[in-house]
Amino acid sequence: MNIIVLIKQVPDTTDVKLDPKTGSLIREGVESIINPDDRHALEAAISLKKAEGGKVTVLSMGPPQTIDALSEAIGMGANEAILLSDSAFAGADTWATSFTLGKSIEKIGRYDLIFCGRQAIDGDTAQIGPQVADYLHVPQVTYVFEIEKILKKTIIVKRRLEDGYERVQCNLPALLTVIGELNVPRYPMVGKLIDACKEKSPIKIWNASDIGVQANDVGLEGSFTQVIKTFAPKFKRQGEMLEGDARKVAGTLVEKLKENKLI
Amino acid sequence: MNFDLIEEHKMIRDMAKGFADEVIAPSAEEMERTGQYPYDIMNKMAELGMMGIPFPEKYGGSGGDWVGTHICIEEISRGDITLGALLDVTTSVTGQEIDVFGTEEQKKEWLVPIAQGTKIGAFALTEPDSGSDAGALRTRAVLEGDEWVLNGTKQFVTNIGLDNASIALIAAISGKGQRGNIISTFIVPKDAPGFQLGKGYEKMAWHGSATHEIILENCRIPKKNLLGDPSRGFAQHLAVLETGRISIAAVSVGVAQACLDEALHYARERTQFGRPIFDFQAIQFKLADMAVSIELARNQYLKAAWLKDQKRKHTFEATVAKLFASEMVEKVASDAVQIHGGYGYMDEYPVSRYYKGAKLLQIVEGTSEVQRMIIGRVLAGGM
Ligand SMILES: Cc1cc2nc3c(=O)[nH]c(=O)nc-3n(C[C@H](O)[C@H](O)[C@H](O)COP(=O)(O)OP(=O)(O)OC[C@H]3O[C@@H](n4cnc5c(N)ncnc54)[C@H](O)[C@@H]3O)c2cc1C
Ligand SMILES: Cc1cc2nc3c(=O)[nH]c(=O)nc-3n(C[C@H](O)[C@H](O)[C@H](O)COP(=O)(O)OP(=O)(O)OC[C@H]3O[C@@H](n4cnc5c(N)ncnc54)[C@H](O)[C@@H]3O)c2cc1C
């Protein structure tokens, strides 16, 4: 079984702060970690490999320091890792990110399963998994919390819904996005971490030409969306006291709600 | 000059940190209260390769270095002091002595399981009448045909009471030379005939650590279990105890860090006179002093470990690290209790456990007085 895991390196906090002047993320003094959901994706892939045989390849797009996240993935038991790093990739929106990841997966070639986290704690869109599946024309199952069975050409998983779950059987190859409920991620092993940090470590670095893309197809230039402004929303309570008897207050309330298009 | 940890060390630190917080710390109170040895945690540490960080992969180790080993010891000790001490004894002292002085066959038989952590090693130097004066030991070894026969008593032996302890390294008098007794070191399996495990000691703290007496009554071991040079057994011991000092310094820093974390957290939460006690300068100054001494102690153990990795002499640096860190942690732990007030004296707050545990660090691997004697000898130009 050939498994690919997509992981993202994120700042170690859910409480991301923006510089009020530039509107960009304050990364100073914030440690980087593997996106929490992606640890569960790694665990799922590694334990499947242990059970079924095969190979786990980890893929991440990010700046050079993303190599730390990949070393950790190797420490956990992934066989090899690829870092997609190129100044041309910078500033990608989710579409450009998915395209770049999709191209790289095509270059890797054979695979039976792709694991993603449900959502990154910084970008938070939960778009990458579905978009990569779409690009590759493979079926996708999101919010997976249990892998029930792997058959020859299909897989049976359970996906979480707000008020229950769905049991889905789908053809392989497929892309799954997973949630924390799926498993308990293992710790990396010291020996493997040390190997991952050595020169002959199984981590490759690919740039735009390695995956056969032009600079204007990826990164900021290849993005369909452009960020005009980022800002931290100000939380100001704008309470308004309605006065008068119950009938009058109710009337004003309905008017106000209509006015604000809330009803 | 570069003070940054390399990637390998950061990775080991992050892993050990997560493990200490998520796996060890939640069970530390129970370990101390029940005195039950944490076999499940030890097995997990073994699987993750923590027991053999500095040893070559071909002997079951992780192929790392002594800086990485000690960063791991610090983090593990932050979770629980006794597990840090376990690593000191099995890896830094026992494992290392076999790695450095053992034959190929001895390494295969004894080092591999210790490095993999499936077995735990012990180191038995102290005797009832020979503690700081370790050279005055009385245990004797006599060669009879193909076997060494050992007689004597070793006491306060860490780890040996564990079910998965395999051996103790035992120093014994094996003959008489021109300059007095010849001391040799032996690899003595726990299941050797004549090896009796005394009962566990009732201790002030460290209840998760399996400290026992060993009685050797015509204990027979194969001739091949002699470790290293028969006339240099004592020197071999002293060589690895130098690393043991770095390890106790790292244990001290880990425990002190746990004290500071708890005290800082408590000072922010506890309100008296209408404000968090953190706002009182007397409390902030204590916390500041704690942070200062931890920082210095950490830098010193890392320096000593780094010198060891560079294969350079580090007697002075390792001894400074041990002395400073072990004295520091007792003070830091005491201040952490002080910041907690009466609650700090209650078993339900971890600082009471840290305080009781910290005291021993000034005694094991050479008392503070012995460390000062060594530093004195270095100053006198004798070492
Ligand atoms: C409209 C818009 C504009 C943006 N513009 C910019 C910009 O100009 N500059 C900029 O730096 N960023 C920009 N971003 C952020 C960046 O595009 C996203 O962080 C990135 O595409 C991943 O999306 P996400 O963080 O929401 O991940 P999600 O879709 O929430 O992540 C889901 C899963 O996808 C996988 N995954 C996500 N990212 C990666 C990755 N990089 N490598 C491997 N696997 C991954 C992981 O498995 C993850 O768990 C923009 C985002 C949006 C929505
Ligand atoms: C829980 C525990 C675990 C231990 N684990 C191990 C182990 O695994 N292996 C092992 O071999 N040992 C172990 N020890 C023993 C420990 O190393 C000794 O207790 C220590 O070396 C001190 O020896 P002692 O207790 O005989 O004290 P003593 O040597 O009798 O010392 C008593 C006091 O006199 C002081 N003193 C002695 N000589 C001098 C001097 N010349 N000048 C000034 N002051 C001096 C000492 O510093 C101390 O304050 C352990 C001890 C404990 C309590």
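The points below start with the chains, go on to the ligands and domains, and end with single residues.

1. Please keep in mind that this is a predicted model. Chain A holds six helices and eleven strands, and its C-alpha trace spans about 75 × 45 × 35 Å along the principal axes. Of its 263 residues, 38% count as buried. Among the contacts in chain A with a separation of 6 or more, 70% are between residues 24 or more positions apart.

2. Chain B brings 15 residues to the contact and chain A brings twelve residues. On the side of chain B that touches chain A, seven of the residues are nonpolar, five are polar and three are charged.

3. Ligand 1 is surrounded by 32 residues, and the closest are Gly117(A), Ala120(A), Gly123(A), Thr125(A) and Ile128(A). Several elements of chain A give two or more residues to this shell, among them helix H1 (36–52), strand S4 (55–61) and helix H3 (94–108). Strand S6 (113–117) and helix H4 (128–136) of chain A also belong to that group. By class, the shell around ligand 1 has 13 nonpolar residues, 13 polar and six charged.

4. Ligand 2 has 20 residues around it, with Gly131(B), Ser132(B), Phe156(B), Thr367(B) and Glu369(B) coming nearest. Strand S1 (120–124), strand S3 (147–157) and helix H10 (368–379) of chain B each give at least two residues to the shell. Eleven residues of this shell are nonpolar, seven are polar and two are charged.

5. The domain assignment divides chain B into domain 1 (7–119), domain 2 (123–230) and domain 3 (235–379). The centres of domain 2 and domain 3 of chain B, taken over C-alpha atoms, are 30 Å apart. Their contact takes eight residues from domain 2 of chain B and eight residues from domain 3 of chain B. The side of domain 2 that touches domain 3 has five nonpolar and three polar residues, and no charged residues.

6. Two helices of chain B are worth a look together. Helix H1 (residues 7–34) of chain B has 28 residues and should span 40 Å at 1.5 Å a residue, which agrees with the 38 Å between its end C-alpha atoms. H1(B) has a kink of about 50° at Ile24(B), shortly before the proline Pro26(B). Just after H1(B), Gly35(B) has a positive phi of about 70°. Helix H3 (residues 66–79) of chain B has 14 residues and reaches 20 Å from its first C-alpha to its last, close to the 20 Å expected. H3(B) is mostly covered, with 14 of its 14 residues buried.

7. Tyr143(A) is not a glycine, yet has a positive phi of about 60°. Tyr143(A) sits in strand S7 (residues 140–150) of chain A and counts as buried because it has 22 C-beta neighbours inside 10 Å. Lys311(B), also not a glycine, has a positive phi of about 60°. Lys311(B) is in the loop between helix H7 (281–309) and helix H8 (315–340) of chain B, and counts as exposed because it has 7 C-beta neighbours inside 10 Å. The peptide bond from Leu172(A) to Pro173(A) is cis, with omega near -5°. Pro173(A) is in the loop between strand S9 (164–171) and strand S10 (174–178) of chain A.

8. Is Ala69(A) buried or exposed? Ala69(A) counts as buried, because 24 C-beta neighbours lie inside 10 Å. Ala69(A) belongs to helix H2 (residues 67–76) of chain A. Leaving aside neighbours within four places in sequence, Ala69(A) is in contact with Ile7(A), Gln9(A), Ile34(A) and Ser60(A).

9. Asn207(A) is in the loop between strand S11 (203–206) and helix H6 (246–259) of chain A. Asn207(A) counts as partly exposed, because it has 14 C-beta neighbours inside 10 Å. Not counting residues up to four places away in sequence, Asn207(A) touches Ser85(A) and Asp86(A).

Notes. Residues are numbered from 1 along each chain as its sequence is written. Chains are lettered from A and ligands numbered from 1 in the order in which they are written. This is a predicted model: local features need pLDDT of at least 70, side-chain atom pairs count only at pLDDT 80 or more; totals for chains, interfaces and linings use all residues. Helices (H or I, at least four residues) and strands (E, at least two) are DSSP runs, numbered from the N terminus. A residue is buried if 20 or more other C-beta atoms lie within 10 Å of its own, exposed if 12 or fewer, and partly exposed in between; C-beta atoms are placed from the backbone. Two residues are in contact if their C-beta atoms, placed from the backbone, lie within 7 Å. The expected span of a helix is 1.5 Å times one less than its number of residues. Ala, Val, Leu, Ile, Met, Phe, Trp, Tyr, Cys and Pro count as nonpolar, Asp, Glu, Lys and Arg as charged, and the others, Gly among them, as polar. A residue is near a molecule or strand if its C-beta atom, placed from the backbone, lies within 6 Å of it. Domain bounds come from an automatic or database domain assignment. The bend at a residue is the angle between axes fitted to the seven residues ending there and the seven starting there.
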